[in-house]
Amino acid sequence: MKKFANGCVRIMNRWLPDPFLFAIILTIVVFIAAMASTWQNPIELVWAWAGKGGSGDGMWGLLAFSMQMALVLVLGSALASAKICKQILASIAGLAKNKLSAIVVTTIVSTICCWLNWGFGLIVGALLAKEIARRVRDLDYPLLIASAYSGFVIWHAGLSGSIPLQMASGKEFLGITYQADLTQTIFHPMNIVMCLVVLLGLPFINYAMHPDKDHTITVDPNLLVDEKEREYKVETPAEKIEHSKILWAIILIMGFVYIVLFFIRVGAAKLDLNAVNAIFLFLGLLAHGDLRKYVDAIGDAAGGAAGVLLQFPFYAGIMGLMVAENADSVSLAKIIAQFFTDISNDITFPMLTFLSGGIINFFVPSGGGQWTVQGPIVMPAATAIAERAGIDAVNYYGRAAMGIAWGDQWTNMIQPFWALPALGVAGLKAKDIMGYLVVVLLFTGLVAILGFLAWGLLF
């Protein structure tokens, strides 16, 4: 395992460019593939890539989402910089006594948090890993951060999975509404078994990759240096307003009233990214105990969001190329999804849907975007395959939808798109962790393939 992981690390370090250049190369590859497979005019593809003259598609199709992701990073980092949060993270990190326990604790906490809510888990895992690095200094730091990010491989099978949540309330494609209860998706026995196998196996897979002493890259001490707490003078009227406890209390009361109302009126099962950011925002204000201190904490954390702000428009452009249709309504994404549908039967269909989802996710790294692209092909195909096999189509929709969901989360392990917030917190580059994540990709891919085949055979 160590030799294989070391080989993957060497390859990634040597060949994986900066994530921004990776996005540029991926853009060119998808552009050529779309032109060759759909015979679209290159001028029209450029038009689709760039956003069709400001229609909100293409490069500008993820502007709201880009802001949400930047806030995940900035608000999470600002919260973690508060003294009380450092103490909580330090308490959890205290469970890590050596390399094995450090990797196991980081992976398990990250995986559970990502299953509960992906936005929360994505940032908490990286913050915990950084705290653990303070205590276990002979640990390979890139592997530790990779372990923190590896928990993200389970998010779409959990409580914040956008596809199963939409299926629970009903999702319309081509004039037909498809629906599957959560007992047929997130809480289906096979999905739970697959998640448990990942949760229990992944920590030890990660630890098995730990390099020997000669190849271990320990954390840069400069990344762990805590800045001295700022000292403030409160003399002028403006400074008194900035440090006003009354203003601080009023905005906190309003914020936490909203959070309570969200859980009462909407429910924890539908905790979305906006709600997670609201929780981070008001917890950060509470933890810092001062408006001026919180403003400064946000300023310190904002620099880490640079990668998100630069790269997400290019990934949105790639999505635009993937879904750009010719005169016959054929797109590159549809060609990929249709190929896997055509070679399926009732047992292999969910598994092959998973594989096609993994491929499409590499180019459309957004659960919602992928659902929009792949759903109109997979769900009608699920109906046809179920009817052909004499199976109740309604009960078949859940496993088909989860095939897309698992494929969406699977190739996130080798797609720098989602790793950017964690890398921003950790102070690393994508190539530092991607070698280890290739092994995570292979492990979870095997779990999903066998799991979906068992799903088809047993249920």
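Select Asp296 to begin: at 15% relative accessibility, this residue counts as buried, where buried means under 20% relative accessible area, exposed over 50%, and partly exposed in between (1.4 Å probe, protein chains only). The model is predicted, with local features requiring pLDDT of at least 70 and side-chain atom pairs counted only at pLDDT 80 or more, whereas totals for chains, interfaces and linings use all residues. Residues are numbered from 1 along each chain as its sequence is written, and side-chain values use heavy atoms, with hydrogens and water left out.

**Salt bridges**

Arg292 is partly exposed, at 23% relative accessibility. Helices (H or I, at least four residues) and strands (E, at least two) are DSSP runs, numbered from the N terminus.

Next, select Glu131 and Arg134, which form a salt bridge whose closest N and O atoms are 3.2 Å apart. Because they are three residues apart in helix H7 (residues 118–135), about one helical turn separates them. An α-helix has 3.6 residues a turn, so residues three or four places apart point the same way. Glu131 is buried, with a relative accessible area of 13%, while Arg134 is partly exposed at 24%.

Proceed to Lys334 and Glu325, whose side chains meet in a salt bridge of 2.7 Å, N to O. Both partners are partly exposed: Lys334 has a relative accessible area of 27% and Glu325 one of 39%. Elsewhere, salt bridges that share partners join Glu242, Arg292 and Asp296 into one network. The count of salt bridges comes to four.

**Helix H2**

Select residues 19–38. The 20 residues of helix H2 should span 28 Å at 1.5 Å a residue, and the end C-alpha atoms are 28 Å apart, which agrees; the expected span is 1.5 Å times one less than the number of residues. Among the buried residues of H2 are Phe22, Leu26, Val30 and Phe31. The buried residues of H2 pack against several helices, including H3 (42–50), H17 (349–363) and H21 (430–458), contact meaning heavy atoms within 4.5 Å. Trp39 follows H2 and has a positive phi, near 55 degrees.

**Thr185**

Which loop holds Thr185? Thr185 is found between strand S2 (176–178) and helix H10 (189–208). Thr185 counts as buried, at 0% relative accessibility. Residues up to four places away in sequence aside, Thr185 touches Pro164, Ala180, Asn191, Gly398, Met402 and Trp455. Select Arg399 as well: its C-alpha atom is separated by 6.6 Å from that of Thr185, although the two are 214 residues apart along the chain.

Select Cys8, which counts as buried at 10% relative accessibility. Cys195 is in no disulfide, and the nearest cysteine sulfur, that of Cys114, is 12 Å away. A disulfide is a pair of cysteine sulfur atoms within 2.5 Å, and by this rule the count comes to zero. Cys195 is also buried, at 8% relative accessibility.

**Final selection: helix H12**

Select Ile251, which lies in helix H12 and is partly exposed, with a relative accessible area of 33%.
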